[in-house]
Amino acid sequence: IGKTQLALEYSYEFGDSYQIVWWVRSEQRETRVGDFVSLGRMLRQVVSTTSDASGIPATLAWLKRHSGWLLVFDNVERPDDVSAILPSTGNGHIIVTSRYPAWSSVARTLKLDLWSSEEGAEYLVKRTLRKNDPAAYAIAEQLGHLPLALAQAAAYIDETGCSFTHYLELLRSYPAETLKLRPNSSPAEKVVATVWEIA
């Protein structure tokens with residue numbers, strides 16, 4: 001869907017409202033802890049030689065005492081994975097991106113859905129600064145209304161200067177079965193793979 005891109009867009013759009021914006025890559029324990037300890041190092045709460053979880057309490061204490069911060073925990077598998085580094089108090093904001101649906105006991109959830117054809121076409125027109133065109137609707141349809149795929153398509157169109165019609169022709173010239181994907185790949189994976197193949 002594009003949850004990481006949405007969090008990134010939010011951090012760019014509203015970053016000036018915060019004194020600190022910090023990204024924590026959260027899929028694996030090593031990167032989670034490393035990114036969080038790096039925050040403590042940047043805040044001068046953790047000595048530069050600290051590379052393990054021993055720097056977490058000092059960083060959490062700083063966040064509790066200060067305001068004006070945004071932490072993005074990206075791609076969290078389960079709430080328990082970040083419980084040791086997720087501030088429970090303080091005057092900052094936290095965004096967690098995750099495929100796991102059961103976060104309601106920890107955070108307010110926002111489910112991301114596919115866009116409609118109108119939303120997809122409107123995004124393409126706005127992002128590429130082109131006039132509305134029936135081909136923009138066809139691209140949205142061809143890409144399964146996936147925001148991530150539409151963002152990639154818009155970037156390609158913008159970068160190359162091609163028309164919506166030309167991009168649609170490119171999409172149609174890459175049948176999914178020609179892509180090197182697992183046999184059980186989802187339709188969304190096939191769409192994103194096609195967009196990447198074109199790029």
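User: What is the volume of the largest pocket?
Analyst: The largest pocket has a volume of about 1,400 Å³. Keep in mind that this is a predicted model.

User: Which residues are closest to its centre?
Analyst: Look for K3, V96, T97, S98 and L110, which are the closest to the centre among the 33 residues that line the largest pocket.

User: And which helix or strand gives the largest share of that lining?
Analyst: That's α1, with six residues. At least two lining residues each come from α1 (3–14), β3 (91–96) and α9.

User: How does the lining divide into nonpolar, polar and charged?
Analyst: For the largest pocket, the lining has 20 nonpolar residues, eight polar ones and five charged ones.

User: OK, what about the second largest pocket, how much space is in there?
Analyst: The second largest pocket holds about 610 Å³. It is lined by 23 residues, and Q5, L6, E9, W115 and Y123 are the closest to its centre.

User: Where does the largest share of that lining come from?
Analyst: From α1 again, which supplies eight residues here. For the second largest pocket, α1, α5 and α7 each give at least two lining residues. The lining divides into 13 nonpolar, three polar and seven charged residues.

User: Switching topic: which residues in the largest nonpolar core touch the most other members?
Analyst: Those are L124, I139, L143, F164 and Y167, in a core of 22 residues.

User: Let me click on L124. What does it touch?
Analyst: Leaving out residues up to four places away in sequence, L124 touches A136, I139, L150, A153, A154 and F164.

User: How many residues are in the second core?
Analyst: There are 19 residues in that second, separate core, including V24, L71, I85 and L86.

User: Is S26 buried or exposed?
Analyst: S26 counts as buried, because its relative accessibility is 1% and the cut-off for buried is under 20%.

User: So what's around it?
Analyst: S26 touches R32, F73, D74, N75, V76 and V82, again not counting residues up to four places away in sequence.

Notes
Residues numbered from 1 in each chain as written. Predicted model: local features only at pLDDT ≥ 70, side-chain atom pairs only at ≥ 80, totals over all residues. Heavy atoms only, no water. Core = buried A, V, L, I, M, F, W, Y, C linked by side-chain atoms within 4.5 Å. Buried < 20%, exposed > 50% of the residue type's maximum accessible area, 1.4 Å probe, protein only. Contact = heavy atoms within 4.5 Å. 1 Å grid on protein atoms, 1.4 Å probe; cavity = no way out; pocket = protein on both sides within 12 Å on 5 of 7 lines; lining within 4 Å. Points joined across faces, edges and corners; volume = space filled by probe spheres on them. Helix = DSSP H or I, 4+ residues; strand = E, 2+ residues; numbered from the N terminus. Nonpolar A, V, L, I, M, F, W, Y, C, P; charged D, E, K, R; others polar.
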